[in-house]
Amino acid sequence: MQYSEKVLDHFSNPRNVGEIEDADGVGEVGNAKCGDIMKMYIKVDKGIITDVKFKTFGCGAAVATSSMATELIKGKPIEDALKLTNKAVVEALDGLPAVKLHCSVLAEQAIKSALSDYYTRQGIDPTPIVGEIPECDHCH
């Protein structure tokens with residue numbers, strides 16, 4: 001399996017690892033069966049994601065996609081984060097092996113899950129904004 005330099009860099013030196021104690025939104029996706037679990041924490045100020053951290057239990061590609069996804073949304077408006085696709089994460093990493101593409105899907109879903117939690121805490125129904133967050137296809 002061939003990994004790009006960017007994947008190896010984000011795996012070896014992941015950005016934004018950890019948790020945010022007083023997070024405005026927390027999302028967790030994946031499950032122990034498939035082996036990849038991602039937890040994302042976001043801080044939001046006036047519609048901007050001012051901080052984002054993650055904890056990932058999984059393979060190198062799962063860590064790398066989590067790291068890259070956080071880099072892509074940090075400092076950005078919520079609207080931009082909602083548009084982030086797993087494809088954009090893969091492109092930013094200069095590609096992933098086909099068997100690891102599900103990791104990028106999990107990274108996208110973790111962000112959406114954290115945003116969903118953020119809206120719920122605001123008393124807003126997240127589904128019309130964030131959409132449904134499906135179960136990990138790879139796990140089933």
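Predicted model: local features only at pLDDT ≥ 70, side-chain atom pairs only at ≥ 80, totals over all residues.
Start with the strands. Strand 1 covers residues 25-31. Strand 1 and strand 2 run antiparallel, and seven bridges join them. Strand 2 spans residues 36-45. Within this pairing, Gly30 stands opposite Ile37 of strand 2. The two strands form a hairpin with four residues between them. In that hairpin, Gly35 takes a positive phi near 95 degrees.

Gly35 also leads on to strand 3. Phe57 lies in strand 3, which covers residues 48-57. Leaving aside neighbours within four places in sequence, Phe57 is in contact with Gly35, Asp36 and Ile37. Is Phe57 buried or exposed? Phe57 counts as exposed, because its relative accessibility is 57% and the cut-off for exposed is over 50%. Phe57 and His102 are 45 residues apart in sequence. Their C-alpha atoms are 14 Å apart in space.

The largest nonpolar core has 35 residues. Met40, Ile42, Ile49, Ile78, Ile111 and Leu115 have the most contacts inside it. Strand 2 and strand 3 each supply at least two residues of this core. So do helix 2 (60-73), helix 3 (78-83), helix 4 (86-92) and helix 5 (101-121). Which helix gives the most to this core? Helix 5 does, with nine residues.

Ile78 shows some of these links in detail. Not counting residues up to four places away in sequence, Ile78 touches Val44, Gly47, Ile49, Leu115, Tyr118 and Tyr119.

Thr65 sits in helix 2. Thr65 is buried, because its relative accessible area is 0% and buried means under 20%. With neighbours within four places in sequence left aside, Thr65 is in contact with Met38, Val89, Leu93, Leu96, Cys103, Ser104 and Ala107.

Cys103, one of those contacts of Thr65, brings in the cysteines. Cys103 is buried too, with a relative accessible area of 0%. A disulfide is a covalent bond between the sulfur atoms of two cysteines. How many disulfides does a search of the whole structure find? The search finds zero. The cut-off is within 2.5 Å.

Methods
Residues numbered from 1 in each chain as written. Heavy atoms only, no water. Buried < 20%, exposed > 50% of the residue type's maximum accessible area, 1.4 Å probe, protein only. Contact = heavy atoms within 4.5 Å. Core = buried A, V, L, I, M, F, W, Y, C linked by side-chain atoms within 4.5 Å. Pairing = 2+ DSSP bridges.
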